[in-house]
Amino acid sequence: MESDQRRRVWVDPAEGRVLLRDWVERWLPVQDVDPRTRDNYESYLRCHVLARFGSRPIGEITALEVDAWRRAAAEAGYAPATVSSWAKLLSMILADAVDERLIAVNPVRQRHRRGRRCRTLVRERVWATPEQVLRIADQAGALGGDVARLLVITAAWTGCRWGELVALHRDNVDLETGHLVVDPERGLLHECRGRRWLGPPKTPSSARRIALPPFLVRLLRRHLESHPFEFVFTTSNGTWLWRSTFDRRVLRPAIDGCRRPGVRAYAVCPGLTFHGLRHSHKTWLIAGGGVCPDFG
């Protein structure tokens with residue numbers, strides 16, 4: 001013990017008796033993360049991590065216990081990526097406990113797994129053809145109006161994220177040169193706990209200049225001529241769109257089909273998401289040698 005103390009590698013066993021929930025109360029407030037990431041952390045902790053290990057001393061959590069927890073979650077039907085997210089968060093928490101010399105090792109370290117190989121099939125991402133996107137857009141227009149129709153088309157033919165499109169200011173659309181710009185400072189609409197604000201896009205490389213196909217230039221010009229608001233895609237009152245509301249009322253019915261008074265939508269590409277439109281755009285570029293299809 002004296003030798004370890006001189007080398008500054010000794011860990012006081014008493015420190016490892018702190019409960020995980022007590023350590024998290026110290027750990028979480030100092031994390032410098034995006035508000036949405038913090039929301040995810042709090043949800044994972046409240047519903048899963050602390051529910052299983054919160055009352056345990058951090059020095060008594062073992063790798064076998066964590067493996068058993070992960071396996072039980074998988075058998076309960078949780079997606080592998082979801083379970084992995086919980087384990088990664090627990091690993092970060094315990095890794096910082098190691099740095100603070102509360103415990104000697106992190107039991108959730110990445111280890112080579114023994115036993116049977118994983119036979120879980122990774123589901124391929126759903127993407128849509130240009131013709132399918134146009135059908136979805138037409139049905140979205142019947143459900144949510146012309147803005148919804150144009151929003152779906154623009155997402156697929158530019159590869160923009162939801163937050164980039166709903167934050168798109170008309171000053172960042174240059175129809176003379178046929179480009180739109182994702183602003184590096186205010187190019188993304190962030191949503192968190194009922195609040196929305198403009199901020200930087202997801203990554204520095206997400207701030208970019210995107211070429212528009214001629215048919216989309218014509219559609220945007222026609223839209224902006226009669227659109228009195230500063231942002232390109234808004235509600236009828238000029239306010240920002242809520243992603244969850246748009247998805248529930250417009251996009252999902254337009255993709256999966258629905259029957260409503262005065263509107264009948266047919267299933268086009270079940271399983272497609274708004275982000276799947278971005279994946280569709282990338283697929284078209286690969287198939288077309290870097291060129292998206294145009295509709296004259």
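**Exercise 1. Threonine 154 and its surroundings**

Determine which residues threonine 154 touches, leaving aside residues up to four places away in sequence, and whether threonine 154 is buried or exposed in this predicted model.

*Solution.* 
Step 1. With residues up to four places away in sequence not counted, threonine 154 touches Gly159, Leu165, Leu216, Leu220 and Phe233.
Step 2. The secondary-structure element that holds threonine 154 is helix H7.
Step 3. The relative accessibility of threonine 154 is 1%. Buried means under 20%, and threonine 154 therefore counts as buried.

**Exercise 2. The packing of H6 and H7**

Describe how helix H6 and helix H7 are arranged, and identify the residues that meet.

*Solution.* 
Step 1. Two packed helices are described by the angle between their axes and the distance between the axes.
Step 2. For H6 (residues 130-144) and H7 (residues 146-158), the axes come within 6 Å and cross at roughly 155 degrees.
Step 3. Angles over 145 degrees count as roughly antiparallel; H6 and H7 are therefore roughly antiparallel to each other.
Step 4. The crossing in which H6 passes H7 is right-handed.
Step 5. On the H6 side, the contact involves Pro130, Val133, Leu134, Ile136, Ala137, Asp138, Ala140, Gly141 and Gly144. These meet Asp146, Ala148, Arg149, Val152, Ile153, Ala156 and Trp157 of H7.
Step 6. Sorted by class, the residues of the H6 and H7 contact are 11 nonpolar, two polar and three charged.

**Exercise 3. The packing of H4 and H5**

Characterise the crossing of H4 and H5 and the composition of their contact.

*Solution.* 
Step 1. The axes of H4 and helix H5 (residues 80-99) come within 10 Å, with a crossing angle of roughly 155 degrees.
Step 2. H4 and H5 are therefore roughly antiparallel to each other.
Step 3. The handedness of the H4 and H5 crossing is right-handed.
Step 4. H4 contributes Val66, Trp69, Arg70, Ala73 and Ala74 to the contact, and H5 contributes Val83, Ser84, Trp86, Ala87 and Leu90.
Step 5. By class, the contact of H4 with H5 holds eight nonpolar, one polar and one charged residues.

**Exercise 4. The packing of H2 against H5**

*Solution.* 
Step 1. The axes of H2 (residues 20-27) and H5 come within 11 Å and cross at roughly 85 degrees.
Step 2. The residues of the H2 and H5 contact divide into 10 nonpolar, no polar and one charged.

**Exercise 5. Glycine 54 in its loop**

State where glycine 54 is placed, whether it is buried or exposed, and what it touches.

*Solution.* 
Step 1. Glycine 54 belongs to the loop between helix H3 (35-53) and helix H4 (63-75).
Step 2. Its relative accessible area is 3%, so glycine 54 is buried.
Step 3. Not counting residues up to four places away in sequence, glycine 54 touches Leu19, Leu20, Arg21 and Val49.
Step 4. The C-alpha atoms of glycine 54 and aspartate 22 are separated by 8.1 Å, although the two are 32 residues apart along the chain.

**Exercise 6. The chain as a whole**

Summarise the secondary structure, burial and surface of the chain.

*Solution.* 
Step 1. The chain has 11 helices and seven strands.
Step 2. Of its 296 residues, 41% count as buried.
Step 3. The accessible surface of the chain is about 17500 Å², and 51% of it belongs to carbon and sulfur atoms.

Terms used
Residues numbered from 1 in each chain as written. Predicted model: local features only at pLDDT ≥ 70, side-chain atom pairs only at ≥ 80, totals over all residues. Heavy atoms only, no water. Axes fitted to C-alpha atoms, helices over the stretch in contact; angles between N-to-C directions. Helix = DSSP H or I, 4+ residues; strand = E, 2+ residues; numbered from the N terminus. Parallel < 35°, antiparallel > 145°, perpendicular 65-115°, else oblique. Left-handed = near helix turned anticlockwise from the far one by under 90°. Contact = heavy atoms within 4.5 Å. Nonpolar A, V, L, I, M, F, W, Y, C, P; charged D, E, K, R; others polar. Buried < 20%, exposed > 50% of the residue type's maximum accessible area, 1.4 Å probe, protein only. Areas by Shrake-Rupley, 256 points an atom, 1.4 Å probe, with all protein chains shown as cover.
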